[in-house]
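Work through the exercises below with the sequence and the coordinates at hand. Each task is followed by a stepwise solution.

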Amino acid sequence: MPENYVIIIPQFNDWEALNLLIEKINADLDTPILQNTTLLIVDDCSSRLRTEPFAAFGGKELKVLRLYRNLGHQKAIAIGLSYAAEHMQTDKVIVMDADGEDAPADINKLAARSIEEPGKIIFAERNKRTEGILFRSFYVIYKYIFKLLTGKVITFGNFSLVPQSRLQNLVRVSEIWNNYPGGIIKSRIPYDSVLTNRAKRLAGESKMNFVSLVLHGLSAISVMVDTTAVRILIFSIFMSGIAIAFIFFILFLKLIGNATPGWASTLGSTLMILMLQSFLISLFLVFMVLQYRSQQHFIPAVHYRDFVEKVESFS
């Protein structure tokens with residue numbers, strides 16, 4: 001029996017690109033998948049009204065879930081997943097962007113890998129990117145910083161396939177409200193990936209600027225804040241050990257008379273102050289994280305309804 005798919009597409013003022021994407025989905029998706037697919041467009045409270053009708057969709061149904069306010073890409077994905085988990089009969093859920101940079105043809109690859117790994121979330125790992133050299137350089141730096149602070153490797157974005165067996169688990173992971181891929185890594189839900197090439201934007205210009213990229217990277221790291229805090233504390237202790245070694249070396253130089261008058265005491269006291277400050281700040285961060293873990297968190301499956309204004313269906 002053919003499996004039912006739901007494709008969740010969050011968008012904000014990207015109506016033109018979205019229509020072109022629907023046409024590409026019709027053309028590039030394998031027929032057995034397309035005929036059993038429902039599109040769920042999460043309209044992140046667009047400030048620009050839709051002036052053109054939706055392109056004809058060759059699947060089962062097209063739904064638009066309108067939000068009360070603009071929440072951002074990651075929260076729109078979490079709301080779309082939560083709505084699908086509660087209201088839609090589906091075997092597999094696809095998450096992709098509306099701008100066309102996630103190629104619809106790659107959904108076929110995700111579906112094929114999901115057959116091989118039925119209990120895992122399947123991500124589209126970027127084999128080749130189309131962005132400029134500056135973006136790619138900062139992205140490499142971000143990946144190294146993420147690995148350094150969290151101990152995890154992240155090589156993918158939002159484009160993914162979620163099997164029904166994992167959907168109910170996923171929408172109860174509070175971290176996806178902040179960062180979708182980071183939340184899945186943190187949740188320890190098993191996942192795999194397939195290599196894909198990033199396509200070009202179909203229409204319009206990207207709304208992602210440098211500040212947005214930095215915030216997106218920090219949000220991914222913040223999802224793993226408990227691990228990050230402990231790693232920062234360990235690094236602080238390590239640097240404190242180096243500072244203490246320098247202080248003893250300075251004292252040794254002073255004792256043998258090779259230190260300039262006043263230099264040893266000034267440098268030694270400066271190192272001591274910096275060491276204590278970094279250690280106390282790191283320790284305070286760890287205790288804040290531990291306190292945060294004891295609090296009740298935002299659960300997308302429970303609280304998403306507060307942000308949904310209406311749901312419209314189009315044939």
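**Exercise 1.** Determine how many residues of strand 3 are buried, and which strands pair with strand 3.

Step 1. Strand 3 covers residues 61–67; helices (H or I, at least four residues) and strands (E, at least two) are DSSP runs, numbered from the N terminus. The model is predicted: local features need pLDDT of at least 70, side-chain atom pairs count only at pLDDT 80 or more, and totals for chains, interfaces and linings use all residues. Residues are numbered from 1 along each chain as its sequence is written, and side-chain values use heavy atoms, with hydrogens and water left out.

Step 2. Six of the seven residues in strand 3 are buried. Buried means under 20% relative accessible area, exposed over 50%, and partly exposed in between (1.4 Å probe, protein chains only).

Step 3. Strand 2 (residues 37–43) runs parallel to strand 3, joined by six bridges; two strands pair if DSSP finds at least two bridges between them. I41 has V64 as its bridge partner.

Step 4. Strand 8 (residues 308–314) pairs with strand 3 in the antiparallel sense, also over six bridges. Here L65 stands opposite V311.

**Exercise 2.** Find which residues F279 touches.

Step 1. Locate F279 in helix 10 (residues 263–293).

Step 2. Leaving out residues up to four places away in sequence, F279 touches L233, S236, I237 and S240; contact means heavy atoms within 4.5 Å.

Step 3. F279 and S240 are 39 residues apart in sequence, with 7.6 Å from C-alpha to C-alpha.

Step 4. F279 counts as partly exposed because its relative accessibility is 30%.
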